[in-house]
Amino acid sequence: MLKRFWSWFWFIVGATYFLVPLYATFDFSLRARRGELSFAAYANVLNDIKFVESFWFSFQTALATIVISALVIVPTAYWVQLRLPRLRPVIEFFTLLPFVVPAVVLVFSLARTYSRTPLTDSREGLWVLLVGSYVILSFPYMYRAVDTGLRAINIHDLTEAAQSLGAGWFTILAQVIFPNVYTALLSGAFITFAIVMGEFTIAALLAQPAFGPYMNRLASSRVYEPSALAIISFALTWAAIAAIQRIGQGAQARVAGPR
Amino acid sequence: MAPLTRTETSQPGIERRAFSWTWLGVAPFFLFVAAFLIWPTLSIIGQSFLDQERRLTLRNILELGRPFIVSSYVYSLQLSAVTAIGGGILGGLLAYAITIGGLPRPLRDAVLSFSGVASNFAGVPLAFAFIATLGQLGVVTQWLRAVGISLYPAFSLYSFWGLSIVYIYFQIPLMVLIMAPAFEGMRREWREAAESLGATSWHYWRYVGLPILLPSILGTMVLLFGNAFGAHATAFQLTGGGSQGNVVTILIGAQISSDALANPGLGNALALGMIVIMGVCIGLYTWLQRLSARWLRS
């Protein structure tokens with residue numbers, strides 16, 4: 001009985017901590033017009049051409065990040081499981097390095113190391129650095145997701161079957177491995193998407209017209225619009241995570257089914 | 001004798017060639033990591049031991065002892081410690097409540113889903129949310145004013161404690177996400193065994209539960225520590241990014257756009273200090289997780 005009481009107590013404390021700021025932000029975002037509650041702040045944000053441009057920029061950047069990350073990680077994870085299982089801890093170590101090198105240190109190192117090269121002297125070069133950093137940040141999530149996905153299928157048999165039908169490595173990867181890790185890839189992709197869309201540090205320090213720096217700048221000129229943006233951003237994160245959980249359940253059910 | 005030597009010399013040669021082709025499969029990954037992570041980081045670490053004429057020196061490292069740099073590191077370390085402990089305790093209790101605390105199952109799923117979102121909800125939008133909550137015009141600030149409590153000027157969202165409250169918002173969910181499986185890994189038999197020997201709830205937690213969970217709890221708190229120490233965007237949005245009296249990450253970020261310290265080597269040394277601290281955190285976390293895995297893997 002006492003145990004139950006304390007559980008409820010801590011649950012309520014936690015829920016309050018989580019929900020009050022969200023409620024307050026929502027409440028605040030509705031007060032753009034004096035004396036009434038309205039969605040004016042949202043309308044202002046959505047009608048702002050800079051919002052659309054920066055959102056679209058980050059969206060494209062996120063897609064590029066996901067595609068490149070998948071193209072690097074899937075063949076690597078596949079090859080390591082098939083031929084180099086001893087290398088797995090090494091790959092794991094490298095994918096976890098972004099936790100040791102925080103984003104600000106990563107972008108600092110990149111900017112210093114490649115200064116006075118086309119990578120930092122041109123718009124395109126800076127974008128390459130941006131996507132490259134994001135791909136590095138996505139590795140821990142992508143590798144773990146794909147590695148787990150690969151373990152659920154029998155890649156040795158699939159590879160041999162494909163080879164006996166005359167398939168080359170490219171065909172095996174494109175037509176056998178990729179389709180089979182599709183759901184695992186999607187969950188890695190959604191978390192990458194959520195991270196890239198809200199990322200501020202790297203984008204701002206590389207002077208990129210991304211969504212994060214846009215949100216940051218908006219705060220200096222507007223009062224209510226930032227909270228509308230916070231709500232939009234929270235909804236976006238929520239959607240991405242919900243998609244992952246939906247996919248995860250589907251994948252689990254499928255793995256558990258045949259056994 | 002002769003055939004033996006031939007096989008001895010030829011066999012390893014074939015193996016070595018096959019070996020190198022196999023390695024080619026992971027080359028793209030390593031090239032990518034080398035170009036965008038390893039080479040830049042190593043070059044920064046190396047350059048923090050070079051002076052402006054590229055001679056070997058320890059001056060940059062020693063210059064980390066400048067008062068404003070030390071105070072910046074101390075500020076970051078304190079902020080990380082306070083939010084790791086605060087977020088760790090709150091998150092740990094919440095994880096306990098939703099797993100073995102006897103709450104209805106749907107609450108557990110709801111809290112875990114929410115934690116997945118909230119742990120990724122950091123940076124600029126999180127700062128906005130708290131400005132709307134506890135800023136000068138914030139909703140909660142006004143509620144409190146209505147009942148006669150004025151937060152300002154005694155409290156400020158932009159102060160150490162204000163920043164701590166904001167950081168704890170993304171620390172709690174991380175703790176919940178990692179600790180919930182650990183609590184669920186506690187075997188019911190352990191508790192039953194203890195109770196059959198006459199242990200009370202206090203005895204059980206003091207002599208069985210806590211000792212088993214302690215490495216896991218400490219490890220996760222170390223991870224929270226690193227999580228806060230590396231954070232940049234949230235603090236930047238709240239404090240405006242001035243280089244005085246601020247977290248280390250902002251100090252480092254300021255070195256990119258302008259060489260504010262007028263010494264590139266010192267900027268490199270700042271980054272090196274950060275990498276060392278983060279490396280210690282991750283190492284400690286890995287070690288503690290390994291300790292706890294002995295008991296909690298079923």
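**Chain A, overall**

The model is predicted, and I read every value below as computed from it. Along the sequence, I noted the pattern of chain A as α-α-α-α-α-α-α-α-α-α-α-α-α.

I then took the extent along the principal axes. The C-alpha atoms of chain A fill a box of roughly 75 × 65 × 30 Å. Next I looked up burial: of the 259 residues in chain A, 46% are buried. I also checked the contacts in chain A with a separation of 6 or more. Of these, 77% join residues 24 or more positions apart.

**Helices H4 and H7 of chain A**

I picked one helix pair to look at in detail. H4(A) covers residues 88–100, and H7(A) covers residues 123–151. Their axes come within 7 Å of each other. I read the crossing angle as roughly 130 degrees. That value lies between 115 and 145 degrees, so I put the pair down as oblique. The crossing of H4(A) past H7(A) is left-handed.

Which residues of H4(A) meet H7(A)? I listed Ile91(A), Thr95(A), Leu96(A), Pro98(A) and Phe99(A) on the H4(A) side. On the H7(A) side I listed Ile136(A), Leu137(A), Phe139(A), Pro140(A) and Tyr143(A).

**Met215(A)**

I moved on to a single residue. Met215(A) sits in helix H12 of chain A, residues 211–221. Is Met215(A) buried or exposed? I found 27 other C-beta atoms within 10 Å of Met215(A). The cut-off for a buried residue is 20 or more, so Met215(A) is buried.

I then looked for its partners, leaving out residues up to four places away in sequence. Met215(A) touches Pro226(A) and Leu229(A) in chain A, and Val124(B) and Pro125(B) in chain B. I also took the spacing to Pro226(A), which is 11 residues away along the chain. The two C-alpha atoms are separated by 7.0 Å.

**Chain A against chain B**

The partners of Met215(A) in chain B sent me to the contact between the chains. I counted 66 residues from chain A and 59 residues from chain B in that contact. Which helix gives the largest share of the chain B side? I found helix H2 of chain B, residues 27–47, with 11 residues. By class, the chain B side has 39 nonpolar and 20 polar residues. I found no charged residues on that side.

How values were computed:
Residues are numbered from 1 along each chain as its sequence is written. Chains are lettered from A and ligands numbered from 1 in the order in which they are written. This is a predicted model: local features need pLDDT of at least 70, side-chain atom pairs count only at pLDDT 80 or more; totals for chains, interfaces and linings use all residues. Two residues are in contact if their C-beta atoms, placed from the backbone, lie within 7 Å. Helices (H or I, at least four residues) and strands (E, at least two) are DSSP runs, numbered from the N terminus. Ala, Val, Leu, Ile, Met, Phe, Trp, Tyr, Cys and Pro count as nonpolar, Asp, Glu, Lys and Arg as charged, and the others, Gly among them, as polar. Axes are lines fitted to C-alpha atoms, for helices over the stretch in contact, and angles run from 0 to 180 degrees between N-to-C directions. Angles under 35 degrees count as roughly parallel, over 145 as roughly antiparallel, 65 to 115 as roughly perpendicular and the rest as oblique. A crossing is left-handed if the near helix is turned anticlockwise from the far one by less than a right angle, and right-handed if clockwise. A residue is buried if 20 or more other C-beta atoms lie within 10 Å of its own, exposed if 12 or fewer, and partly exposed in between; C-beta atoms are placed from the backbone.
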